[in-house]
Amino acid sequence: MTKLIRVLTATAVLPGAVLVTAGLLASAWADRLPDPIATHWNGAPDGSTPAAVFVTVCLALGAVATAILAATAVAALRRGRPVPRVTVGVGAGFAALAPATLLSVLVPNLDVPDWHAARGGSVVLLFLAGATALGVVAAFVGGLPAPPVEDSPDRPSVGLRPGQRAYWSGRAANPAMLWALALVPVAIALLPAGLSWPMAVWIALVGTFVTAMTYRLKATVDAKGVTIRFGLLGFPWRHIGLNGIREATARELTTFGDGGLGLRFNPVTGTTAYKVRGGPAMALALESGRTVLVSVDDPVTGAGLVNDLLALRTTRID
């Protein structure tokens with residue numbers, strides 16, 4: 001199976017088949033549905049929509065999502081950078097979500113005298129599980145590894161030579177995050193309709209603890225790979241072995257770009273960002289096709305050491 005066929009199967013054929021099936025069933029069930037149909041439940045049906053409108057909107061949303069997913073995946077493949085597996089799976093599941101929602105609404109409305117008599121809407125969980133399963137299948141079918149990247153003379157380097165040992169550590173912190181999250185509940189408590197003092201203090205303590213775990217960042221590079229640690233206790237943390245990295249570079253990040261501050265994952269680009277501030281950051285291009293961004297000081301040196309270790313294929317530093 002060629003790469004193009006795999007990508008089209010995952011991003012167009014699979015969600016498209018769900019879309020067509022939902023459309024055919026909606027047409028076949030038209031005489032068995034009340035009009036309007038129940039479209040919202042709060043224990044019992046408490047909202048309705050004209051059947052034709054609901055069917056049309058769901059099918060249109062599914063068609064648009066499928067078209068965007070397939071076009072994006074094919075364009076990325078032609079550029080030589082296939083969409084990451086996770087992105088394909090999430091995209092296909094999302095494209096199937098609208099027709100799955102349509103079926104989950106139509107089934108409880110079948111053969112009832114009017115929308116008030118529609119059965120419970122818990123069947124939606126079954127169809128959502130189906131959309132999730134389709135996403136998993138699509139991820140395995142259409143998730144392709146990125147091609148190897150040729151060595152570039154523009155990549156950072158620290159001039160590490162065979163037999164030499166090196167270790168790099170970079171840090172970044174944003175104390176404003178700690179103070180802001182601690183003071184916000186206090187400010188709320190001072191408002192006339194705000195929280196009580198005990199509740200505000202409790203929220204402040206929990207918020208301060210959470211922020212203390214993530215307001216600063218440390219990254220280290222040695223012959224084993226790159227290790228990223230958040231917060232005062234160094235947790236959460238992540239280790240990326242050298243065998244999983246293609247190359248490292250440095251770039252500038254904006255404060256609210258890539259999803260904002262903290263640990264952020266973008267399923268569309270396959271980028272994971274570890275950020276406590278805007279500014280310089282180390283960018284790791286992984287063999288899987290994904291990118292890891294780490295906001296640390298002096299990322300050029302860290303990236304240069306990663307590239308030199310990759311070139312030398314050092315396996316251990318004692």
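## An opening question

Which residue forms a salt bridge with aspartate 297? In this predicted model, the partner of aspartate 297 is arginine 277, and the closest N and O atoms of the pair are 3.0 Å apart.

Aspartate 297 has a relative accessible area of 42% and is partly exposed. Arginine 277 has a relative accessible area of 14%, which means that this residue counts as buried, the limit for that class being under 20%.

## The second salt bridge

Side chains of opposite charge can pair when their charged atoms come close. The structure holds two salt bridges. One of them joins aspartate 111 to arginine 32, with 2.6 Å between the closest N and O atoms. This pair links distant parts of the chain, 79 residues apart: aspartate 111 is in the loop between helix 3 (85–109) and helix 4 (124–142), and arginine 32 is in the loop between helix 1 (3–28) and strand 1 (37–42).

Aspartate 111 is exposed, at 51% relative accessible area. Arginine 32, at 36%, is partly exposed.

Strands of a sheet pair through backbone hydrogen bonds, either parallel or antiparallel. Here, five strands form an open sheet in the order 7-10-11-9-8, and their pairing is mixed. Strand 7 (245–253) and strand 8 (262–266) are the edge strands, each of which pairs on one side only. From one strand to the next, the twist averages 15°.

Within this sheet, strand 9 (residues 271–275) pairs with strand 11 (residues 291–294) in the parallel sense, over four bridges. Valine 292 in strand 11 is the bridge partner of threonine 272. Helix 7 (residues 299–312) packs on the sheet and touches strand 7 and strand 10 (279–286); the direction of helix 7 makes about 170° with that of strand 7.

In soluble globular proteins, nonpolar side chains tend to be buried together. The largest nonpolar core has 27 residues, and those touching the most other members are Leu217, Val221, Val226, Ile228, Met282, Leu284 and Val292. Several elements each supply at least two residues of this core, including strand 4 (216–222), strand 5 (225–230) and strand 10. Helix 7 gives the most, with five residues. Apart from this core lies another, of 18 residues, among them Trp29, Ala51, Trp115 and Ala118.

Methods: Residues numbered from 1 in each chain as written. Predicted model: local features only at pLDDT ≥ 70, side-chain atom pairs only at ≥ 80, totals over all residues. Heavy atoms only, no water. Pairing = 2+ DSSP bridges. Axes fitted to C-alpha atoms, helices over the stretch in contact; angles between N-to-C directions. Contact = heavy atoms within 4.5 Å. Salt bridge = Lys/Arg side-chain N within 4 Å of Asp/Glu carboxyl O. Buried < 20%, exposed > 50% of the residue type's maximum accessible area, 1.4 Å probe, protein only. Core = buried A, V, L, I, M, F, W, Y, C linked by side-chain atoms within 4.5 Å.
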